[in-house]
Amino acid sequence: MQPDPFLQALPEDSELPMAVRRLHGNTGLYSGRCDVRRGRGLLIDLMLRLGRFPLNAEDIPVQVRIERNGHEWTWQRDFNGHTTCSRLTHDHETGSIREKLGWVTLWLKPEVSDGRIFIHIRRVSVLGLPCPAFLLPRSSTAEWQGEDGHFWFDVSAEVPMLGRLIRYRGWLTPVHADGHCG
């Protein structure tokens, strides 16, 4: 079985901790806790609604169900009852991940450093229209294995001139993972 688009976009010899490789190498259900912080303002709120992102929350339960259908992977995130679903594919032409969240499509480029995956936003389209470069969100997203052995994530993005778009961070552990990590 081919790994998820993140592992496909990284060099094959990338050294990743087991928790990160497990989550990106398998389908299944993962659960944990997280905090969500949304940015403020009408434009930020509109962008978040188009992407179907969750509301502000502290220390809430989160579940991620990862499924695969051919070359497309689906990540269904449940933030204490608020569901955000994204479809991910590997864009072989650009070497990036294409993630569709509601009306928003992101092109993401991962890189590995010190056992962490850092994810950068390379392109965005909303309702099929490309986002101008001067409004392209900047990401400070990272994934790693914590000392507790859990998969940790810190997903954040800000929009030039508008400020924080969203930040959600926390941890996940497998409830049920299908297959074996590669």
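Modeller: Two strands pair if DSSP finds at least two bridges between them. The model discussed here is a predicted one.

Biologist: Over how many bridges do strand 3 and strand 4 pair?

Modeller: Strand 4 covers residues 82-91. Its pairing with strand 3 runs in the antiparallel sense. At least two bridges are required for a pair, and the number found for strand 3 and strand 4 is 7.

Biologist: Which residue of strand 4 stands opposite R77, and which residue takes a positive phi in the hairpin of strand 3 and strand 4?

Modeller: In strand 4, the residue opposite R77 is T84. The hairpin of these strands has 2 residues between them. A positive phi near 50° is taken there by N80.

Biologist: In which sense do strand 2 and strand 3 pair, and over how many bridges?

Modeller: Strand 2 spans residues 57-69, and strand 3 spans residues 72-79. Within this pairing, E67 has T74 of strand 3 as its bridge partner. The sense is antiparallel, and the number of bridges is 8.

Biologist: Which residue takes a positive phi in the hairpin of strand 2 and strand 3?

Modeller: This hairpin has 2 residues between its strands. The phi in question is near 65°, and the residue that takes it is G70.

Biologist: How many helices and strands are there in the chain, and why does the chain count as being as compact as a globular protein of its length?

Modeller: The chain has 3 helices and 12 strands. For 182 residues the globule rule gives 16 Å, and the chain is as compact as a globular protein of that length because its radius of gyration is close to that value, at 16 Å.

Biologist: What percentage of the residues in the chain is buried?

Modeller: A residue is buried when its relative accessible area is under 20%. Of the 182 residues in the chain, the buried share is 47%.

Biologist: Is Q2 buried, partly exposed or exposed?

Modeller: Q2 belongs to the segment before helix 1. Buried means under 20% relative accessible area and exposed means over 50%. The relative accessibility of Q2 is 42%, so Q2 counts as partly exposed.

Biologist: Which residues is Q2 in contact with, leaving aside its neighbours within four places in sequence?

Modeller: Q2 and R68 are 66 residues apart along the chain, while their C-alpha atoms are separated by 9.9 Å. Contact requires heavy atoms within 4.5 Å. With the neighbours within four places left aside, the contacts of Q2 are Q8, R68 and W73.

Technical notes. Residues numbered from 1 in each chain as written. Predicted model: local features only at pLDDT ≥ 70, side-chain atom pairs only at ≥ 80, totals over all residues. Heavy atoms only, no water. Helix = DSSP H or I, 4+ residues; strand = E, 2+ residues; numbered from the N terminus. Rg over C-alpha atoms; globule rule 2.2 N^0.38 Å. Buried < 20%, exposed > 50% of the residue type's maximum accessible area, 1.4 Å probe, protein only.
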